[in-house]
Amino acid sequence: MAKLIVKFNNEVVDHIDIKQGDMKVGRRPGCEVHLDNLAVSGEHANIFTIGDDSFIQDLSSTNGTFINNKKITKHHLRNGDAVVIGKHTLVYMTDGGETAAPQQDFAKTVIISAAPRPAAPSPAPAPTPAAAAPKGELKGALVILSGANSGKRIELTKAITNLGKTGKRAGQITRTDDSFVLAPSEDGEIPKLNGRPVGNEGAPLKNGDVIEVSGTRLQFLSK
């Protein structure tokens, strides 16, 4: 289980266990991580945890959120990261945690199809997985943030990963030599990336990006 060590002026004042889902950080009463200091906004940041992965996002705070002395808007937390909010420091610590659910179970359930279907309308991309080998160290994954499959994770091991419901594709992620690119599908539905529709030219994905497709939110993780 991961936890936060809360410090104020370098003095440890609390230990908070990280829970799954959202945890608000701020001065407002009711925030899961309550920091009672005027340098902290009412709802300053949000920590979102899925499986073993935790992310922190600044909620347009007045004084900003800093990770390891760098101002951030969104960050994938790693063991030992120091989150500075005003005069408070939140040290993120992990001790292994539980493993993610097997991705093969999720592949059968809906929303994402990691392997192209033989009867899909666009068979041309099917031979491209063979070119995946030279792509070396490039790795990515999707984590489901909403719906019945919330918390499920699937690795992006194919050259093309189709997004959408069974029988209707609503977007696709293509792995290139140095990036993953999200683009609309030929079926007409346009996915959103961080709240904005993706153009026909596609958009490269960055670690922590949130994708909305077919009423489901997913988060892209790069390794």
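I began with lysine 74 and aspartate 209, whose side chains meet in a salt bridge at 3.7 Å, N to O; the term stands for a side-chain nitrogen of Lys or Arg within 4 Å of a carboxyl oxygen of Asp or Glu. This pair links distant parts of the chain, 135 residues apart, with lysine 74 in strand E9 and aspartate 209 in the loop between strand E20 (203-204) and E21. For these labels I kept to DSSP runs numbered from the N terminus, where helices are H or I runs of at least four residues and strands are E runs of at least two.

I noted that the model is predicted, that local features need pLDDT of at least 70 and side-chain atom pairs pLDDT 80 or more, and that totals for chains, interfaces and linings use all residues. Residues are numbered from 1 along each chain as its sequence is written, and side-chain values use heavy atoms, with hydrogens and water left out.

Next I looked up accessibility, where buried means under 20% relative accessible area, exposed over 50%, and partly exposed in between, with a 1.4 Å probe and protein chains only. Lysine 74 is partly exposed at 26%, whereas aspartate 209 is buried at 2%.

I then searched the whole structure and found five salt bridges. One of them joins the side chains of arginine 153 and aspartate 53 at 2.5 Å, N to O. Because arginine 153 lies in strand E14 and aspartate 53 in strand E6, this pair ties together parts that are 100 residues apart in sequence. Both of these residues are buried. Arginine 153 also forms a salt bridge with glutamate 155, with the closest N and O atoms 3.1 Å apart, and both of those residues are buried too. Through shared partners, Asp53, Arg153 and Glu155 are joined into one network.

Which side chain does histidine 76 touch through a polar contact? I found that its partner is the side chain of aspartate 53, at 3.1 Å; such a contact is a pair of N or O atoms within 3.5 Å, where within protein one must be able to donate a hydrogen and the other to accept it, and residues adjacent in sequence count only if both atoms are side-chain atoms. Histidine 76 sits in strand E9 (residues 74-76) and is buried, with a relative accessible area of 12%.

I turned to the sheets, counting two strands as paired if DSSP finds at least two bridges between them. Six strands form an open antiparallel sheet in the order E2-E1-E11-E10-E7-E8, and its edge strands, E2 and strand E8 (70-72), each pair on one side only. Within this sheet E1 and E2 pair over six bridges, and leucine 4 has isoleucine 16 in E2 as its bridge partner. Another open antiparallel sheet of six strands runs in the order E14-E13-E22-E21-E18-E19. There, lysine 192 stands opposite glutamate 212 in E21.

Last, I checked backbone angles, since most residues other than glycine have a negative phi. Asparagine 10 has a positive phi near 70°; this residue is in the loop between strand E1 (3-8) and strand E2 (11-17) and counts as exposed at 68%. Serine 60 has a positive phi near 55°, lies in the loop between strand E6 (53-58) and strand E7 (65-67), and is exposed at 71%.
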